[in-house]
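Please look through the sequence and the 3D structure shown here before reading on.

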Amino acid sequence: MGLLGGVCLTVFPVLSFFLEVPQSWQKTVRLEREAQIFFQQFEREVQQSQQYVLENNKRIHFFDQHDQITYEKHGDVIRRQLNHEGHVVMCQFVREITFEPVTQQLFKAELTLEKEGALFHTERWIGLRAVTRE
């Protein structure tokens, strides 16, 4: 009995560790998918824009012929606004996002998502059309 008890005390912590790893991995995969969906829309709008204005590396405005599109972090979400009206949540579980112009035609966005202990960080370098900055 004592031997069986000793084996159980050794096996259960190891087994529980291996069962928790896949759950953490699944959370990270979900965060990665969230980031991919966000960047698909974000990159499309960046590339269609003619001008952008960056505010404190946290808020960015894109302009095309008729519209102004704003992306900003608000709480733990990134929200998108069209022509100063309403807000649409584009990404959730946001820990941090920064926007940084690298050159006149190259733009960098860094995004960190966090949910229930899982963490995912990515950065994207997005090429722009002929764009002017303010």
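This is a predicted model: local features need pLDDT of at least 70, side-chain atom pairs count only at pLDDT 80 or more; totals for chains, interfaces and linings use all residues.

## A residue in a loop

Asp64 lies in the loop that runs between strand 2 (59-63) and strand 3. Once residues up to four places away in sequence are set aside, Asp64 touches Gln48 and Gln50. Gln48 and Asp64 are 16 residues apart along the chain, and their C-alpha atoms are separated by 7.0 Å.

## A residue in strand 3

Thr70 has its place in strand 3, which covers residues 68-74. Is Thr70 buried or exposed? Thr70 counts as buried because its relative accessible area is 6%, and the word buried is used for values under 20%.

The side chain of Thr70 is joined to the side chain of Gln68 by a polar contact of 3.5 Å. Leaving aside neighbours within four places in sequence, Thr70 is also in contact with Arg59, Ile60 and His61, and with Arg79, Arg80 and Gln81.

## The largest nonpolar core

In soluble globular proteins, nonpolar side chains tend to be buried together. The largest nonpolar core of this model has 24 residues, and those with the most contacts inside it are Phe38, Phe42, Tyr71 and Leu111. At least two residues of this core come from each of helix 1 (2-48), strand 2, strand 3, strand 5 (85-92), strand 6 (94-103), strand 7 and strand 8. Helix 1 gives the most to the core, with 6 residues.

Which residues does Phe38 touch, not counting residues up to four places away in sequence? Phe38 touches Tyr71 and Leu111, and also Ile78, Met90, Cys91 and Ile97.

Lys115 stands opposite Ala118, which belongs to strand 8. The hairpin made by strand 7 and strand 8 has 2 residues between the strands, and in this hairpin Glu116 takes a positive phi near 50°.

Terms used
Residues are numbered from 1 along each chain as its sequence is written. Side-chain values use heavy atoms; hydrogens and water are left out. Two strands pair if DSSP finds at least two bridges between them. Helices (H or I, at least four residues) and strands (E, at least two) are DSSP runs, numbered from the N terminus. Buried means under 20% relative accessible area, exposed over 50%, partly exposed in between (1.4 Å probe, protein chains only). A polar contact is a pair of N or O atoms within 3.5 Å; within protein, one must be able to donate a hydrogen and the other to accept it, and residues adjacent in sequence count only if both atoms are side-chain atoms. Contact means heavy atoms within 4.5 Å. A nonpolar core is a set of buried Ala, Val, Leu, Ile, Met, Phe, Trp, Tyr and Cys residues joined through side-chain atoms within 4.5 Å.
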